Amino acid sequence: MPVQPSTTSHSQLLADVRRGMIPAHIYNDAELFSLERERVFGRSWIFLAHESEVPQPGDYVVRRVLDDSFIVARDEGGTVRAMFNMCLHRGMQVCRAEVGNASHFRCPYHGWSYRNDGRLTGLPFHREAYGGEDGFRRGEQTLLPAPALDSYNGLIFVSLNPTAPPLREYLGDFAFYLDFYTKQSPAGIELAGPQRWRIKANWKIGAENFAGDSYHTPQTHTSVVEIGLFREPTASKRKEGALYWAQRGGGTTYKLPPGTFESRLRYVGYPDVMIERMRTSWSEAQRRMITEDGFMISAASLFPNLSLVHNWPKVAAGSDSAGADTVLPFISLRQWQPISAGETEVLSWFAVDAAAPAEFKKLSYKAYLMCFGSTGMFEQDDVENWVSITSTAAGVMARRLLLNNRMGLLHNNKPVTPPLAHFAGPGTAHVGYGEYNQRAMLALWADCLERPLAPAARTELGAP
Amino acid sequence: MTARLLGSTRRAGSALPFSDERHLQAHQFLVDEAYLLDGQDYPTWLSLLTEDIRYLVPVRVTTARGAGFDTAPGMAHFDEDKYSLGLRVARFATEHAWTEDPPSRLRHYVTNVRCFATVRVDELVVESAVLLFRSRGDVRESALVSAGREDLLRRDPTGAAESAGHWMLARRTVAVDESVLRMQNLAIFL
């Protein structure tokens, strides 16, 4: 049942969020979750899979947008589609595996079958039961395609909104930053995973954290510095990074020691052969963010629920000949898949430049496992916090408390630190701690919640 | 050092009789280990792992019967060596490993133990089932993980290992029985 916002309470709530005050119950509120389902997840572009997960004809993975299951399959001609995983006849899931290779999907209920491009090819007793084409036009039917599908750097997104703007337009200037994670060479990235697990936390908390919470790092992640896993997130160092926001997403960075494009990428552990490809794969402005500004991307989020992270931990015991720790970078993509107001399924992938040397891929995977994912030493402590927030947000008192999300803003709305005048990337960037990006994220959320969606067209199967 | 894979140490024959001393020692090893893991005595646990330990927990996936695989290629929950396990244990010794402070209440139920001789007298293959109960805080729902394990035990040549028969864990592969874990993390070991 769609929930209509009661005008006063919701307009007040959205106004509060927009001025940087968060009614705490937004992190565990069933009524708001119904509205998010319809107006955030029914409207936005949602990440489903990466093309490298379905490299061969017939390869498929099954992924969801909340409760809607989609088969992401590469057909015999190489085209990747996302098809609603529901038999056109009685609604059975036509694919009950989550990954595999198939030329056809056959419904186990009555045997209707579909090619891996979605076309209905098998309909038992079509003539006897339906009177053939006169009763049911088999030849025209396909599994329902995702209302909108598009990709960027191999990242496949769908939107449940058939009139969604093109993906590239939706990403906007955030695409500039997405390239650092997903286009280190013309070969693009390849994904492994995902690890999947469920946490009793609201989906927004992770998305906001990755978008811009550099402030939590020195506190939450003290232990990983203490054990020598990652040297960067000391309190003094983390605040030297820039926070950027660019239309649909934003992220955090670390300030690099003085140096060149090469030496700075070597500092985070990239081998020269990869650095050389980054030089040609990234634009002049993208290179300048490293060379002139000296910032290296770390965590980021794309509205609403895709996050990325790039860190460079110490992957092995000992040190190199110069006595420096052997650090190596990794990239992770993660999706905060909402289950309910108080529960999220995390899908966490390891991503690596497809052209990277085999030894680099091996060590980068190891770096990922130590830091993020279901066993990651960073992620463990994050989730503990988020579960605690969500649990406390369910009560009456959380409806009376407005959390302060205004870090970086004075009472007169002037920034504590002015935006960087010279920053190679698009959008706005600030050095130091601030909740600029969390505010931007929740402002997009408020924009979605405020606007109802036009009802989408219905599809009638085989009707006269 | 290259970790020796299980395949290189094939099982010699069917499961040992439950009265065999090697079975009894292996069973005791697993039970003693369960108490160490329940009590989060990780430094002692680490001392029972060989230097070339490989601790692997693949990600299980749902696939069609006949697909020929049921784990996610190239991905695991844990894929550890002595260095990374050592770091994880060192982290719990800091005062800032929030995810286990307050600590979980843990109970590893170990059952279905069977033991196989190998062509090497100093190595045994041991299979077991483990059910982990984990409770955090006072009001949160508890969580369970069910898994099968295949271990390679190797006798400590120095005789220093303080375990039944001086056995040490050289390799463990854990097949968790869920594709999507219903637990906030695996900050614990199986």
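A:Leu160 sits in the loop between strand S11 (155-159) and helix H4 (167-171) of chain A. Helices (H or I, at least four residues) and strands (E, at least two) are DSSP runs, numbered from the N terminus. The model is predicted: local features need pLDDT of at least 70, side-chain atom pairs count only at pLDDT 80 or more, and totals for chains, interfaces and linings use all residues. Residues are numbered from 1 along each chain as its sequence is written, while chains are lettered from A and ligands numbered from 1 in the order in which they are written.

Is A:Leu160 buried or exposed? A:Leu160 is buried, because 22 other C-beta atoms lie within 10 Å. The cut-offs are these: buried takes 20 or more other C-beta atoms within 10 Å, exposed 12 or fewer, and partly exposed lies in between, with C-beta atoms placed from the backbone. Setting aside residues up to four places away in sequence, A:Leu160 touches A:Gly42, A:Val65 and A:Pro147. A contact means C-beta atoms, placed from the backbone, within 7 Å. A:Lys237 is 77 residues from A:Leu160 along the chain, and their C-alpha atoms are separated by 42 Å.

## Strands of chain A

S2(A) and S11(A) pair in the antiparallel sense over five bridges. To pair, two strands need at least two bridges found by DSSP. In this pairing, A:Ala49 stands opposite A:Ile156 in S11(A). Strand S2 (residues 45-50) of chain A has six of its six residues buried, so it is largely enclosed by the rest of the structure.

An open sheet of four strands runs in the order S5-S4-S3-S6 (chain A), with antiparallel pairing. Its edge strands are S5 (80-84) and S6 (99-101) of chain A, and each pairs on one side only. Neighbouring strands of this sheet are turned by 30 degrees against each other on average, direction ignored. Strand S4 (residues 68-74) of chain A pairs with S5(A) in the antiparallel sense over five bridges. There, A:Arg74 stands opposite A:Val80 in S5(A).

## The nonpolar core

The largest nonpolar core has 173 residues. Such a core is a set of buried Ala, Val, Leu, Ile, Met, Phe, Trp, Tyr and Cys residues joined through C-beta atoms within 7 Å. Which residues have the most contacts inside it? They are A:Leu48, A:Phe70, A:Val72 and B:Leu153. Leaving aside neighbours within four places in sequence, A:Phe70 is in contact with residues including A:Leu48, A:Val65, A:Phe84 and A:Val158.

## Domains and a buried helix

Chain A is divided into domain 1 (47-151) and domain 2 (187-449). The bounds come from an automatic or database domain assignment. The domain centres, taken over C-alpha atoms, are separated by 36 Å. Six residues from domain 1 and eight residues from domain 2 make the contact.

Helix H6 (residues 203-212) of chain A is largely enclosed by the rest of the structure, because ten of its ten residues are buried. Among them are A:Trp203, A:Lys204 and A:Phe210.

## Where the chains meet

The contact takes 33 residues from chain B and 34 residues from chain A. On the chain B side, strand S2 (71-80) and helix H3 (82-93) are the elements that give two or more residues. S2(B) gives the most, with seven residues.

Note on methods:
Two residues are in contact if their C-beta atoms, placed from the backbone, lie within 7 Å. Axes are lines fitted to C-alpha atoms, for helices over the stretch in contact, and angles run from 0 to 180 degrees between N-to-C directions.
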